[in-house]
Amino acid sequence: MSFTGSGKEYFGIWIVNILLTILTLGIYSAWAKVRRNRYFFGNTILLGRTFEYHAKGRQILIGRLIVIGALVAVNLVAVFVPALVFLPTIAFLIALPWLLVKGLRFNARVTSYRNVRFDFDGRPAGAIQPFIVGGLLTLITLGLLAPLASRWVGAYVGTNLRFGGKVFETKPPLLPLYQGLFLGLGLGLAVGVLVMAIVMGALRFSGMLYDVDQGPATFITLTITSYVVLLSILVVSGVFYRAAVRNVVWRASTFDDTHRFRSSISRGHYTWIAISNTIVTILSLGMMRPWAAVRMARYTWERTGVVIAGNVGTLISEVEEQVSAAGAEFIEYEDFDFGF
């Protein structure tokens, strides 16, 4: 696969999206998402053909308004009826699997390749284990069971994805996920130690560690440093692990039980790109954000591939034959994007 977008091209789309979103007090953000996705999908190429994104801003806006309205309603009930103080949390947890499935189905159905739409066939009950149980297990074990949750999510999403009537299947192995987790934690700890060493060296050089009069300032500096070190560990570990998960899940995926996917992202290089993108974006006051987004997309897709067994033309013909004209248009009536 490849990505043909450029930071210069995307900057024009991005700056207009930002300005119109501000001028409309956020309302235009729904249409901004459509323009952004159409650009990135339209520049992602597989076998000489691009992907397409067919969602409409109205669908995204209505979905967001429904979610916001529901959250406001349950919170108002909780305010006026103190006994129902946990109602918003309970309501959200109950609705979350349904919202997630709706979002996955919507995003699949508004995506096409060679005029053939994707689809998602998962059910809300099936989303409880990967997203709710997996999330809670990750939280209470301080991330130790994150690979298990990642495996559940990858298998649930991948196995329920469809393209032209043909099915995908994903069976991520657990061991490589744990390897990615512990390597990420190791890298994060190394970066944290480095940050701490730099700050402590600067404090010693300035004499703040030995100056009694500078005690309060030193305490504040050390407190801030502790937060920065912790944040560095979490960010570096998280980004490294995300790259590892992508590689494992893609490599464990098949299409029509025959064709396989490949992902050869370097976890260390991916981490460097993500962190340097963030630094450059902050230093440029956000103006380099389009360049950073295109840089990451190009790196990711150019290291992603599909291994097709047999003749490519035969495969595409089989897929296209299974899609009727009526079926190709059903998304025009498919509800809304809830942003989950």
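## The second largest pocket

Helix α8 gives the largest share of the lining of the second largest pocket, with six residues. This is a predicted model, and in it that pocket holds about 380 Å³ of space. In total, 15 residues line the pocket, and the ones closest to its centre are Leu142, Gly143, Leu181, Leu185 and Leu234. Besides α8 (215–251), the elements that give two or more residues to the lining are α5 (124–140) and α7 (174–206).

What kinds of residues make up this lining? By class, eleven are nonpolar and four are polar, while no charged residues take part.

## Asn43, tucked into a loop

Next, have a look at Asn43, which sits in the loop between α2 (29–42) and β2 (44–46). Is Asn43 buried or exposed? Its relative accessible area is 13%, which is under the 20% cut-off, so Asn43 counts as buried.

The side chain of Asn43 has polar partners that you can pick out in the structure. One is the side chain of Thr4, joined to the side chain of Asn43 by a polar contact of 2.9 Å. Another is the backbone oxygen of Tyr39, which lies 2.7 Å from a polar atom of the Asn43 side chain. If you leave out residues up to four places away in sequence, Asn43 touches Ser2, Phe3, Thr4 and Gly5. Thr4 therefore turns up both in that list of touching residues and as a polar partner of the buried Asn43.

## Arg49 in strand β3

Arg49 belongs to strand β3, which covers residues 49–53. With a relative accessible area of 35%, Arg49 is partly exposed, because that value falls between the 20% and 50% cut-offs.

Which residues does Arg49 touch, not counting those up to four places away in sequence? They are Thr44, Tyr113, Arg114 and Asn115.

## Two loop residues with positive phi

Now for a pair of backbone angles. Asp257 has a phi near 60°, a positive value in a residue other than glycine. You'll find Asp257 in the loop between β8 (253–255) and β9 (259–263). Its relative accessibility is 63%, and since that is over 50%, Asp257 counts as exposed.

Leu285 isn't a glycine either, yet its phi is positive, at about 55°. Leu285 is placed in the loop between α9 (267–283) and α10 (289–301). How does Leu285 come out, buried or exposed? Its relative accessible area is 77%, so Leu285 is exposed.

## Thr300 in helix α10

Thr300 is part of helix α10. Its relative accessibility is 10%, so Thr300 counts as buried. Leaving aside residues up to four places away in sequence, Thr300 touches Arg246, Ile265 and Tyr270.

## How confident is the prediction?

The protein averages a pLDDT of 88, and 91% of the residues score at least 70.

How values were computed: Residues numbered from 1 in each chain as written. Predicted model: local features only at pLDDT ≥ 70, side-chain atom pairs only at ≥ 80, totals over all residues. Heavy atoms only, no water. Helix = DSSP H or I, 4+ residues; strand = E, 2+ residues; numbered from the N terminus. Buried < 20%, exposed > 50% of the residue type's maximum accessible area, 1.4 Å probe, protein only. Contact = heavy atoms within 4.5 Å. 1 Å grid on protein atoms, 1.4 Å probe; cavity = no way out; pocket = protein on both sides within 12 Å on 5 of 7 lines; lining within 4 Å. Points joined across faces, edges and corners; volume = space filled by probe spheres on them. Nonpolar A, V, L, I, M, F, W, Y, C, P; charged D, E, K, R; others polar. Polar contact = N/O pair within 3.5 Å; in protein donor to acceptor, adjacent residues only side chain to side chain. pLDDT = per-residue confidence, 0-100.
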